[in-house]
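Dear colleague,

Please find below the structure that I am handing over to you. I would ask you to keep it open while you read the notes that come after it.

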Amino acid sequence: MPNIVCCFKWVVDEAYIKPSSSGKIDLEWAEYKLSDYDRNAIEEAVRLQEIYGGGVTAVTVASSDATKGIKDALSRGPEKAYFINDDQFENLEPSQTSAILAQVIADQIDYDVIICGEGSSDMYSQQVGPRLAEKLGIPCIAFVNQLSIEDKQIIAERKTDEGMEVISAPMPVLVTVLPDINNPRVPGLKDTLAASKKPVINIELEDLASEYKRLLIDKGLKAASIERNCTHFGAGPEDIKAFVEAIRKTGVIDRG
Amino acid sequence: MSGVWIYADKYEQVFELLTAGRGLADSLGTKLTALVSGDNDTAQDLIARGADEVLLFPPLAEDQPVQDYVPLMADEAREADPDIFLIAASLKGKEMGARIAARLDTALCSECITMNIDDKGKLQMERLMYGGSAIQTVSINSRPQMATIPPRAYEPAQVIDSRQGSVRTLKKPEPSGMKVIDRKGKAQSSGDISAARVIVCAGRGLEKQEDLDLVRELAGVLGAEVACTRPISEEKHWMTEESCIGLSAKEVKPALYLGIGVSGQIQHLVGIREAGIICAVNSDENAPIFESADYGITGDLYKIVPALIEEFKK
Ligand SMILES: Cc1cc2nc3c(=O)[nH]c(=O)nc-3n(C[C@H](O)[C@H](O)[C@H](O)COP(=O)(O)OP(=O)(O)OC[C@H]3O[C@@H](n4cnc5c(N)ncnc54)[C@H](O)[C@@H]3O)c2cc1C
Ligand SMILES: Nc1ncnc2c1ncn2[C@@H]1O[C@H](COP(=O)(O)O)[C@@H](O)[C@H]1O
């Protein structure tokens, strides 16, 4: 029976990101959320467990503020969580996140399958999964939209630019999943209550052996808003006419 | 040692990276090395298009995934120690880039949108953050400086006669235990949205697949290509991902974009930033797309689109 690990990230909800008057990004009022595609990663872990048995462990690297994220993740079905936290773990780069995950997973967690999202909602680097696989020295199958286990082998259908490939690989293995792999469940009140009773293993920076050097130097962040001055029209016949007329006037369509 | 390295798993992108890499190699006064699978003719073609050196991968077994080249590429790069290593941001390239970077203990700028060499000879790169609502500038403090480069960011390199270069064939990669047990090509989509002058984009405001006909009819009247949002291609599979616009799909630059039942989340909008005129039909007057549109109609698409078809026909 497979031990399944899913990696999730607690991220700034990009819908709250607004440029300040200086063009800088203002995160002060931002809300946080579970990274979108990590919901698919967690759901897939739980789905595999429902079919093949075994256990599901959710893991995150975050600052200590992310306790809400742990609860959110656990309400989606995993039976325990590793919360690797330190206030320095705020804006980690993929090489650091993956090295920290690799250390904790290698030392403390039994795993046959590790599931990551294809990319995180804030960074969307699409690196942490493949890097983690390399650090652990296990096969990596990225951009997967169908997953099963047959005779100790993972069978994964993955998207490629040319179409798709079905891959078999021995376990342990790491996969990154696309959003169409499943429909993540929406946790109910009962799931949320159950989540508060599940064990959370707290790991802090001093429990980790290595140093995690920053290699990617952040030279600044600027807003990239796409604001335009919208002329609004209603749904009446006159509005339709005026809308079409306005578009025609711009000369972008050949007819008319 | 020094040098600029490029790798792409598809030829179109090899040519684009030759352009990008040649520019960087010239400004650093160093040589350009292309890694590619193919034969000596391929290598000579790449030399004619700007490479100084070509490292040829021998062919893989039928059931070997291209990712089996990763250990080999990392070993070669460790040995040669290039300054810069660019990889095409295809799905395979993105995974391979991250894995090579992990093996080399270096950083990688994913889907780099601009590259410049600063006065210290270091790469300054920009990439999107927060779904596209911000642009981050980064540089890399380790070697090689790695980046993945989205398709079509550079013109393909042209053949220049009488260029010289060297070719070296690498050893066969070891099988990794991963096996390709099936491959399928994808259905060809009808039109090319990246070159379209007018685009009508279908969003999840459409209730069922048949309703795409309504959008297609409007597109027909406008001489437009039909595109879609990610839920339409990736969740509902009503259209192919070739037709999808946005952060994880294509960037388009039409003169006119018309979104039908598209909410306008940033990850979609980032793909139409360069559109001339942005128009939207949405039943929710607070839909974010209206903030980024030039002209918007608030209303039910099932009433509005037929009326638009009539009006545009006039
Ligand atoms: C990392 C990441 C990458 C992503 N990459 C992409 C990407 O590349 N491309 C992309 O498109 N998305 C991408 N997304 C998803 C994106 O965040 C949005 O979820 C998506 O764009 C929404 O698609 P939509 O507008 O079709 O659907 P919805 O957000 O569901 O919007 C449907 C809209 O239709 C309107 N509507 C409903 N009924 C009617 C009606 N009868 N008449 C008129 N209007 C109606 C609604 O008011 C609503 O605004 C990405 C997300 C993440 C996290
Ligand atoms: N801080 C983190 N903690 C745990 N998992 C993470 C973290 N950051 C990224 N991941 C995982 O790696 C995937 C890709 O992230 P990224 O490389 O940032 O796009 C995410 O979908 C998660 O599954």
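Predicted model: local features only at pLDDT ≥ 70, side-chain atom pairs only at ≥ 80, totals over all residues.

Residues are numbered from 1 along each chain as its sequence is written, chains are lettered from A and ligands numbered from 1 in the order in which they are written, and side-chain values use heavy atoms, without hydrogens and water.

In chain B, seven strands (DSSP runs of E, at least two residues; a pair needs at least two bridges found by DSSP) make an open sheet with parallel pairing, in the order E5-E9-E4-E1-E2-E3-E10. Strands E5 (108-109) and E10 (166-169) of chain B stand at the edges with a single partner strand each, so one side of each has no neighbour in the sheet. Within this sheet, E2 (residues 32-37) and E3 (residues 53-57) of chain B are joined by five bridges, and Val36(B) faces Leu56(B) in E3(B).

The two chains also pair with each other: strand E15 (residues 231-233) of chain A runs parallel to strand E16 (residues 295-298) of chain B over three bridges. Here Phe233(A) has Ile297(B) as its bridge partner.

Thr160(A), in strand E10 (residues 153-160) of chain A, is buried at 2% relative accessible area (buried means under 20%, with a 1.4 Å probe and protein chains only). Its contacts (heavy atoms within 4.5 Å), not counting residues up to four places away in sequence, include Leu91(B) and Glu241(B).

Yours sincerely

Key
Helix = DSSP H or I, 4+ residues; strand = E, 2+ residues; numbered from the N terminus. Buried < 20%, exposed > 50% of the residue type's maximum accessible area, 1.4 Å probe, protein only.
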